[in-house]
Amino acid sequence: MKKILISTLLLMASTCTLMAQVKLQANNIDEVLKAMTLEEKAMLVIGGNRKIASADNSAMIGGQGKRVKGCAGNTQAIPRLGIPSTELTDGPAGVRIDPRRNNDANTYYCTGFPVGTALSCSWNTQLVEEVGKCIGNEVLEYGCDVLLAPGMNIHRSPLCGRNFEYYSEDPLVTGKIGAAYVRGVQSQGVGTSVKHFAANSQETNRTNVDEVVSQRALREIYLKGFEIAVREAAPWTVMSSYNRINGPLTQENRELLTTILRDEWGYGGIVMTDWIGLRNTAAQIHAGNDLMQPGNEAQIKDVIEKVKSGVLAEADLDICVKRILEYLVKTPTFRGYEYSNKPDLKAHADVTRHSATEGMVLLKNEGQTLPMSDAKKVSVFGITSYDFMAGGTGSGNVNKAYTIDMMQGLSGAGLTVNSKLADPYKNYKAYQHSLCAASNSDYWPWGNEMSVSRSIIDTQAKESDIAIITLGRQAGEGWDRDEAGDFTLTDVERQLITDVCNAFHIANKRVVVVLNMGNVMETASWKSMPDAILLAWQPGQEGGNSVADVLTGKAYPSGKLTMTWPNNLIDLPSSANFPNIRPAAPRQKGDNKKEFQDYTKHVEGINVGYRYFTTANKPVSYPFGFGLSYTTFSYSKPVVKATKDGLTASITVTNTGKSVGKEIVELYVSAPNGGLEKPARELKAFAKTKELQPGQSETLTMDVTLYEMASYNEATQAWETAPGNYTISFGASVEDIRATAPYTLSKQHTVKCHDVLKPDMEL
Ligand code: BGC
């Protein structure tokens, strides 16, 4: 008996030693999984933003996010198994951590890069990759592991408060720009999180709204961009969104997170939830949501209980745990990377300064007002000129060391800014800021635009060579925009544009409007007044310098719109079903709590943006793909050839003007009749030239696969490319087709899919 006891004890001791010896490595993931207790597994799938001690008090101490102050979340450490805590930080316009720490004289500022719309309007995947590399480097050097970006939701309506973080109304642009961003960031050995998967195109009631969407529109519009990024760039993580799709929350939707994402697209990374809300943890795990962020104790208990009671299969939990272990071994924290806390912010400021100019879109340039080579003295109007916006608000904001405003930018470019105007604006700005601080409310410059009397404007018109008016708009997470005074001009802004244009034009001088925003606004009613309009977006922390570079001709704009600028909101089919019933400005903090409705029907289906406007032949203010240049380009006759699985197209672009520039060529496909009903034309490829000197040419080549040309047939649950005669169009915008070529497909091409994500309501 004694003998048996001793040998049992010896066996137990050796098992314990063996268990204790298992430490996570890249090649022993299964072994580690086997060694984990149920409690440890539960802890690993729940984010570590909490205080909790393990059963034996040795496994972990929570609240690990504190290693890098200001990180949005983290994963839980299990020291017994050599599992470190990893850090997850926002995104997307740069790293978002706290710039200061207690009892620490160092600062931890990050670079504020151009917002998503600004980057996508460059149509330059190489440039986006370069920006991604810089952001990835800051993730790495500040000790983080994953950037919670890029934002890849579709611009269904200009009112969505987070459009500035997203790229386009078109899924191809979204996918290609998103993939480039992911490649850039991940080239630094850190991860990304493509978000918010999926159909999170409104902020109102975002944690509960049911987005009711047809299977076709989901596949073609709302999922396509994610599919491209997943297939082409293999992001380490995907973030499931807050909303529902056709009933279930995306975070609990196995059809979305497993059937489509993993089984159909072959995704191998982890899925994490977006941040708010205590949800059904067992359902999330079963759906294929590996990591629940930010995590709390109740969720851990819930997982343990659900496994014990048989509601959640331990095998489902194991799948998620294994995927998290596979993620962990790739991270810099696991690799023991010694971060410097000193990324090269100076070099990154240069990158943001020049990348911003490529995404700027020249909307109007009468009589070559720009570049304003002869102007010496400028009158600068608009409170936003003095309070320039580098980026948007919410988790997409970056804690940057500074923002260059228009005053600084223009002065730096050697121009004299008329101080008779500048001084009152600066005082007004200080006063507005003090009022807002006193009432603890947010400051919305455009809502508080300063009135300027006509006599002051007349004096300016006498004294200055040119006028610049900056119009600003701010938006962000948690709320959608209003139509009145946000999408449209405020009364004070309209008066300002009218008076400045009248006064300066009487004096035979020009007026330039600069748009400093992350989203679309109404332009049809006032665009005839100024001589030039430059859409500068929210171009990052070097904003004033980037704008001045373009205005003075040191740089040139080569961006084109990745979304339609409609004449008015009513023209958009989505407006019939978009919650834009918010109270008028001034908004107060906490205003985002209002919950107006619990479903949004996408009655328009795939008719989003230009797909609708070109098919319905409806005029817009500025079409998708539009953007002027300081020079002009000609397009050659294109060559389109069939390939094994699609087509290859080439076209030569020549700079026919007098200054340098880059041109973006958009390839649209028009399908034959007889297959599914299709939009008049759809973007299927694009390419941008290198910098072309006057007279210089470049041949651009673009490939399109049959799969990319397909539409989703709900009757057969398959992607189908119909046989027949196609027209391949080469456009300078969706409305400015410069050349076409035929393409014939003899036999239908089909890719079968699963019959999932069916609408739960009539559309
Ligand atoms: C946002 C995410 C963000 C997360 C962490 C959420 O509210 O929707 O985009 O990554 O917070 O800050």
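The mean positions of the 78 positive and 83 negative charges of the protein chain lie 3 Å apart. Lys and Arg count as positive, Asp and Glu as negative, while His and the chain ends are not counted. Each charge is placed at NZ of Lys, CZ of Arg, CG of Asp or CD of Glu.

This is a predicted model, in which local features need pLDDT of at least 70, side-chain atom pairs count only at pLDDT 80 or more, and totals for chains, interfaces and linings use all residues. Residues are numbered from 1 along each chain as its sequence is written, and side-chain values use heavy atoms, with hydrogens and water left out.

**Overall fold**
- The protein chain has 23 helices and 26 strands (DSSP runs numbered from the N terminus: H or I of at least four residues for helices, E of at least two for strands).
- The radius of gyration is 27 Å, close to the 27 Å from the globule rule for 763 residues, so the protein chain is as compact as a globular protein of that length (taken over C-alpha atoms; the rule is 2.2 Å times the number of residues to the power 0.38).
- Along the principal axes, the C-alpha atoms fill a box of roughly 110 × 70 × 50 Å.

**Burial, contacts and surface**
- Of the 763 residues, 62% are buried (under 20% relative accessible area; exposed is over 50%, partly exposed in between; 1.4 Å probe, protein chains only).
- Among contacts with a separation of 6 or more, 77% join residues 24 or more positions apart (contact: heavy atoms within 4.5 Å).
- The protein chain exposes about 27600 Å², and carbon and sulfur atoms supply 52% of it (Shrake-Rupley method, 1.4 Å probe).

**Aromatic pairs**
- The structure holds 16 aromatic pairs (Phe, Tyr and Trp rings, the six-membered one for Trp, with centres within 6.5 Å; planes under 30 degrees apart are stacked, over 60 edge-to-face, the rest tilted).
- Phenylalanine 381 and phenylalanine 504 pair edge-to-face, at 6.2 Å centre to centre and 90 degrees between the planes.
- This pair links distant parts of the chain, 123 residues apart: phenylalanine 381 sits in strand 10 (residues 377–381) and phenylalanine 504 in helix 20 (residues 491–506).
- Phenylalanine 381 and phenylalanine 504 are both buried.
- Tyrosine 612 and phenylalanine 613 have ring centres 5.2 Å apart and planes at 70 degrees, so this pair is edge-to-face.
- Phenylalanine 613 is buried, at 3% relative accessible area.
- One aromatic cluster consists of Trp123, Tyr610, Phe624, Tyr668 and Phe686.

**Alanine 430**
- Helix 17 (residues 419–439) contains alanine 430.
- Alanine 430 is partly exposed, at 46% relative accessibility.
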